[in-house]
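Here is a short walk through one structure. Keep the sequence and the 3D view side by side as you read.

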Amino acid sequence: MLHNWFRIERAFSRWRARPCFAEPANSYIARLVDDNGYGRPDAYAVKAKLVGSGDPMARMLEAVLRLPLKEEEKESLIRWTPITTDGQFVLSGERLSKSRLFRQGKYCATCLDEAPYHRAWWDIAAFNVCPMHGGPLARPEMGFWEERRWPFYGQVRAFCEPPVIACEEKDTLEAYVLQRLGAASASRKRPLLDDQPLNMALRYAVAVGRFLSNPYSASKPPTSNSDAAVGFEALGRTLNHLERRVAGWIAEHVPPDVRSRGTRDSLGYGNFVLREANGSDALRERIYAAQLKALSRFGGLARPLLRKAESVTEPRQDSNAAAVGEDHPLSGQICAPPIDCGYDLSNSAVKRRLGLTTDGLKRLLRRVDGTWTKAANGVVQIQRSTSDRIAHEIDGAATLPEVCKLVGLGEKELDQLLYAMTKEGWTGCVSLVRGGRAMRHVLRQEVDLMVRKLSEFPACPTDVETVSLVRQARWNNIKVGTVISRVLSGELECFRSEQGGFGTLRFVRMSGMGHITWGGKPATSGRRHLGSEFMLAAEFTAMTGIGSKGIAYLASTGILRRNGAICREDALEFHRAFVNVVAAVKSDGEMPLTVAKRARESGLAIQFPYDDVVALVARRSEFEAAFGIRTNLLQSEIDLWEEFRVAAAENCSSFIVPELKSDGRSIIRTTTRKCAFNVEIEDGNVVFTVRFAKAEWSRSWKVFLARRKQIEAALSSFEWETDRHSAVARASATTPSDLQAITKELGRFEVFFRHKMR
């Protein structure tokens, strides 16, 4: 009886394994389970009710605190076990969001040689290098979830002391994290970060590093494991150092024409602090101030913004603190643009004298490489010689109607041309104030250059089939002005006609260009039909299960020839030689991770990197030998699939049906990807299945609810199984007449998701 009561109070009968410094409860429990001989820690945790509802880490901590441990051991477990409080983890007194702390299975092999137990700081997302030994943390292979949840590396019988950080590693982000967690002594003050929560410091270190590690981009650039270290290097010093780092990035990555558009456009993704929705924290304001000051080095910044930036200062430092200053060996040495002297005309005076708008003056300054500076009072000053060169540039500038007559274009096409060229950095179009109105003008030398290039184009040959400018633009799905811009830049060859003018240019007719009907009627709606030698990327994906990223990789390696569309011969040859392992096995009910594990255990050679193709691709013969699954169809099945493809092309052309059946279960989708049918060949029958589910495909579910009776009537030969949150329809076809009937029903069905393709 006493023994049973003892087991109820304590989850373990012996505790020779002792908790170590910075070890969380889940790691200690894994070592206790091994020491007691209880088997797998995950199975024992379920039996002992250590996991379940609520916070599992809190339940584990409560269980180990019942053991007769020393007080310092209990305090260490409480300190280093991340407990959820108000939606965040609390680790060593610091609150960390769940995106900053999660189990990834990272570890330092040298630390494990010294003491084989899991350190809590390894689970911090930005923690990538061991600050004690300087080596990168190792990561387990894909699929080892249990090893990440219950990390076990061996037994330790005595309490381990806090780590000692090497001197050369004290300036890393990882060392700073240990200092903030109290696991190591502080090496120096970080004025921008020390007064902020660790969670905010990590958050902005990753964001700033992601910004500084990539070239200019208006959208989010790709992430890297080094982002946090780069951001910490920029934020871990003074405000002036951060300003120089941002200014250096602008000088290196932002072209002058983008640089002059203002704060938001000049920084691209780096302007993330202006889009944050989590309030106005101090660190955010400091980064914002550094960005504005960096932009002011290149001019074009409004004085109210500059005054706002100058009002933000870094916190006062202790006079005895060893702060990272400008003379630190890791401090950046990026200087501002040199300042010249001898300016005698203000910005406003030049605009009034020459009749320029602000944007026009900026564009012309870039064109003539003009010299300017900003005085102490914020007034931009321009040298008189620069003003004279600008006056010479705009002398004789032509208005847009005059340019239309000279180059043979309509006003709409000319507007498209000027927009396309300006977007590429061209500075030949400026706004001039004439008669109290700002009107766009094209500089005279640029007009003369266009006319000269037009006369230099070769005459249209009589033995080559050509198409017009408008048809060339329609075929490439771009505007007429963009086509002319590519012609002027030398990217596209063309011929001049006898009529003259850019509007009458002729282009070589490319293979696959279909016949375009005229007569004032709109073009037929539907997807573009290619020649027989090309294949849409959507068809390749339906056939192989490889998406756009994998297609781009295969095209870059030369396996697939691609010019917009994919070469059909290469695509079919690829599918006959290779197999998508997960797609071929998943139809048998296995999960993708299980298939990946089986592939590794069988020694199956994966032909392409998974990160590049996003699929496990193996040679078909090797896959069949390893898995024992027949992938090549019988001739009768091939004939049946071809009959289905021909019937689908005739009756339901909105669905993408590949020329060769995919491995495993085939999925045919509408071109809008709003709805999909599973198609399988079973015992000589083609089986069609479509599923509408609220939790899986919300768009198709909404359409089904809105047109339920019409959809059921359209799919009249399908058998329906419906409940409150889903509906499944199935049908089977054996003969060509059955395939004709079902594909016609799919043709009636597809109009509910997109206009019928022809």
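A word on the source. This is a predicted model, in which local features need pLDDT of at least 70, side-chain atom pairs count only at pLDDT 80 or more, and totals for chains, interfaces and linings use all residues. Residues are numbered from 1 along each chain as its sequence is written, and side-chain values use heavy atoms, with hydrogens and water left out.

Side chains of opposite charge can pair when their charged atoms come close. Take Arg-18 and Glu-73: their closest N and O atoms are 2.8 Å apart. The pair links distant parts of the chain, 55 residues apart. Arg-18 sits in the loop between α1 (2-9) and α2 (25-36), Glu-73 in helix α5 (residues 71-80). Helices (H or I, at least four residues) and strands (E, at least two) are DSSP runs, numbered from the N terminus. Both Arg-18 and Glu-73 are buried. Buried means under 20% relative accessible area, exposed over 50%, and partly exposed in between (1.4 Å probe, protein chains only).

Now go to Arg-561 and Asp-570. Their salt bridge also has its closest N and O atoms 2.8 Å apart. Arg-561 is partly exposed, at 47%, while Asp-570 is buried, at 10% relative accessibility.

Glu-465 and Arg-509 form another salt bridge, with 3.5 Å between the closest N and O atoms. Glu-465 lies in the loop between α21 (444-456) and β10 (466-468), and Arg-509 in the loop between β11 and β12 (534-535), so the pair ties together parts that are 44 residues apart in sequence. Glu-465 is exposed, with a relative accessible area of 52%. Arg-509 is partly exposed, at 26%.

Last, look at the strands. Strand β1 (residues 83-85) and β2 run antiparallel, joined by three bridges. Two strands pair if DSSP finds at least two bridges between them. Ile-83 stands opposite Val-90 in β2. Two residues separate β1 and β2 in a hairpin, where Asp-86 in the turn has a positive phi of about 55°. Along β2 (residues 88-91) the side chains alternate. Leu-91 has Glu-94 as its bridge partner in β3.

Methods. Salt bridge = Lys/Arg side-chain N within 4 Å of Asp/Glu carboxyl O.
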